[in-house]
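This report goes through one protein model, from its overall make-up to a few selected side chains. Please keep the sequence and the structure at hand while reading.

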Amino acid sequence: MFDTAFCSTFKSKGVTVAIINTPYYPMTWDWGYNATLGQPGSLGGATRVDDIPIALSACAGKYFTVASDVASIQSAFTKLFVAASPIRLTN
């Protein structure tokens with residue numbers, strides 16, 4: 001399960017969390033997938049892999065679901081940078 005409690009700390013300090021979700025490919029034939037992501041969900045999804053977007057959207061202020069192709073990932077990054085403009089990077 002993905003604990004989103006730390007997200008509340010970010011949000012309370014005015015931090016905007018943006019997430020680009022590149023979904024897992026469902027490998028239901030693989031024992032490792034079935035033993036982890038294939039298990040029943042606890043956040044409302046049928047499986048744990050279905051819980052991932054639920055947890056990410058609860059955490060993020062900006063959320064974009066992305067297919068696994070290059071064009072949709074590029075589009076999501078463009079939307080993210082436009083939404084966050086002006087960009088300020090710090091270390």
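A residue is called buried when its relative accessible area is under 20%, exposed when that area is over 50%, and partly exposed in between. By that cut-off, buried residues make up 21% of the 91 residues in the protein. The model is a predicted one, and every value below is computed from it.

**Overall make-up**

The secondary structure consists of 4 helices and 2 strands. Along the sequence these elements come in the pattern α-β-α-α-β-α. Contacts between residues at least 6 apart in sequence can be sorted by their separation: 48% of them join residues at least 24 apart. The protein exposes about 6600 Å², and 60% of that area is supplied by carbon and sulfur atoms.

**The disulfide**

How many disulfides does a search of the whole structure find? The search gives 1 disulfide, and its partners are Cys7 and Cys59, with sulfur atoms 1.7 Å apart. A disulfide is a covalent bond between the sulfur atoms of two cysteines. The angle about the S-S bond is -85°, and the link of Cys7 and Cys59 is left-handed. Cys7 belongs to helix α1 (residues 5-12) and Cys59 to helix α3 (residues 48-59), so the pair ties together parts that are 52 residues apart in sequence. Are Cys7 and Cys59 buried or exposed? Both cysteines are buried.

**Helix α4**

Helix α4 covers residues 70-83, which is 14 residues. The N-terminal end of α4 is capped by Asp69, which places a side-chain oxygen 3.3 Å from the backbone nitrogen of Ala71. Ala83 also lies in helix α4. Ala83 has a relative accessible area of 41%, which means that this residue counts as partly exposed. The C-alpha atom of Ala83 is separated by 9.6 Å from that of Ala18, although the two residues are 65 residues apart along the chain.

**Aromatic pairs**

The structure holds 2 aromatic pairs. Phe6 and Phe10 form an edge-to-face pair, with 5.8 Å centre to centre and 90° between the planes. These two residues both lie in helix α1, 4 residues apart, about one turn of the helix. The rings of Phe77 and Phe81 have their centres 6.2 Å apart and their planes at 25°, so this pair is stacked. Planes under 30 degrees apart count as stacked, while those over 60 count as edge-to-face. Phe77 and Phe81 both lie in helix α4, again 4 residues apart and about one turn of the helix. An α-helix has 3.6 residues a turn, so residues three or four places apart point the same way.

| Residue | Relative accessibility | Class |
|---|---|---|
| Phe6 | 42% | partly exposed |
| Phe10 | 37% | partly exposed |
| Phe77 | 40% | partly exposed |
| Phe81 | 43% | partly exposed |

Helix α1 can be read from two sides in this account. Cys7 of this helix is joined to Cys59 of helix α3 and is buried, whereas Phe6, at 42% relative accessibility, is partly exposed.

Note on methods
Residues are numbered from 1 along each chain as its sequence is written. This is a predicted model: local features need pLDDT of at least 70, side-chain atom pairs count only at pLDDT 80 or more; totals for chains, interfaces and linings use all residues. Side-chain values use heavy atoms; hydrogens and water are left out. A disulfide is a pair of cysteine sulfur atoms within 2.5 Å. Buried means under 20% relative accessible area, exposed over 50%, partly exposed in between (1.4 Å probe, protein chains only). The expected span of a helix is 1.5 Å times one less than its number of residues. A polar contact is a pair of N or O atoms within 3.5 Å; within protein, one must be able to donate a hydrogen and the other to accept it, and residues adjacent in sequence count only if both atoms are side-chain atoms. Contact means heavy atoms within 4.5 Å. Accessible areas come from the Shrake-Rupley method with a 1.4 Å probe; for residues, only the protein chains shown count as cover. Rings of Phe, Tyr and Trp (its six-membered ring) pair if their centres lie within 6.5 Å; planes under 30 degrees apart count as stacked, over 60 as edge-to-face and the rest as tilted.
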